[in-house]
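Colleague: I am new to this structure. Please pick one part and take me through it closely.

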Amino acid sequence: MEQEVIQTSQMDAERAVNELCSRLKKSPSMYSAILFFASVQFDFERVSALLKEAFPNAEVVGSTTAGEITPEGFSKHTIVLNALSDSTSRVKFSGVLVDDVDKFPVVFKKDIENAASKIGVSLSSQNVSKNAFAITFICGLMNAEEIVMSLLYSLVGDSHFMVAGGSAGDDLQFKKTQVSYNGKVSSTGAVVLFVKAHSKFVIYKENIFKPSGKQVMLTQVDPQKRYITSIDGQNPKKRYAQVLGVSESSVDSALLDHPFGRVFGDEVFIASLVQFDRMGHLTMYARVLQNSIQEILSPVDAVESAEESCKNVVSQIPNPGCVILFNCILRTVGFEKHNQQGAVNSVWKKYFRTYSGFSTYGEQFSQINSNQTLVMLVME
């Protein structure tokens, strides 16, 4: 697999697409997939349509972002284009747009199955994970990530089947996020892009937090709204501050560095805390369940974690042909807060020939939607 990463800050849609296309090495017919990540500063619908016109034979998938990532570093208000080609035809792509996921997503089951079967992926197969996986782009303001993942995995017969993905952002405006598939755009949907790969691929999850040994029970929860009104039978703000050992007046500044975590063996899946309201009730970025036990997490060194992650990945795929990074916006904010963006990007640049990604509103890894996580998709 060969990945070309092109970035533009041209605000006019036509000029932006022309610049992106003009800087590619090959003719449009040589690319099998185009993945693009765009700030909401752009006319996303127009960019989506123009890119599909430019690459009529490719699967063209896009997402709005809360920031973009390339070897040049973390950026804002740009479009990043990934042009993927494979001269040996070892990798094939097929996508589907699932619209209005908050209403009746079940009606798209057949469309999802058809998209997979188009490239020879039988989702019901017991060993489908051997040479196939999926990439997801989900509108990030619908609280629908768990719905999409549940729908997808209801069709999968292999528990080891992997998904890597990110929830679309909107530059922290929290007004409207969008995804697109082959020129069709949705602000209430998700794109699932199936990949059949007769070459190595790795989907890797990185945490920059560890369990602190401090646990709480969420005793009153609205899972759909991701809203908590009781922790350990007490006011959430009061109890969180008490367990963490900080004052209630300073608790808001602790949210970024001390999210909740769901621990499964050696795996930690992060659920980030949005804010406490005036009643001390807590809003989450990921769904949490009634009476679930949550670990309060503590941060670790982000640069050391990046180094460890990259070493792990290149030990499996020494010369990656394609690297996509789904990096939580809260990680990006945290890196900026601690002046670590440059250092983290330098680690990625040290190990990968090229790569791209975007700051997400949620990260999908296997069957779980998490926050404050990096999901790395790496293909040979």
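**A close look at one strand**

Modeller: F137 stands opposite G166 in strand 9. This is a predicted model, so local features need pLDDT of at least 70 and side-chain atom pairs 80 or more, while totals for chains, interfaces and linings use all residues. Numbering starts from 1 along each chain as its sequence is written, and side-chain values use heavy atoms, without hydrogens or water.

F137 lies on one side of strand 8. Strands are DSSP runs of E, at least two residues; helices are runs of H or I, at least four; both are numbered from the N terminus. Strand 8 covers residues 132–138. It pairs with strand 9 (residues 163–167) in the parallel sense, over five bridges. Pairing takes at least two DSSP bridges.

Strand 12 (residues 190–197) runs antiparallel to strand 8, joined by seven bridges. There, K196 sits opposite A132.

Now the two faces. In a regular strand, side chains alternate between the faces of the sheet. A132, A134, T136 and I138 take one side; F133, I135 and F137 take the other. All are buried, meaning under 20% relative accessible area with a 1.4 Å probe, protein chains only.

I135 and F137 touch the most other members of the largest nonpolar core, which has 35 residues. Such a core joins buried Ala, Val, Leu, Ile, Met, Phe, Trp, Tyr and Cys through side-chain atoms within 4.5 Å. Strand 12 gives this core its largest share, four residues. I135 has contacts (heavy atoms within 4.5 Å) that include L35, A164, V192, F326 and L377.

Key:
Buried < 20%, exposed > 50% of the residue type's maximum accessible area, 1.4 Å probe, protein only. Lists of a residue's contacts leave out its neighbours within four places in sequence.
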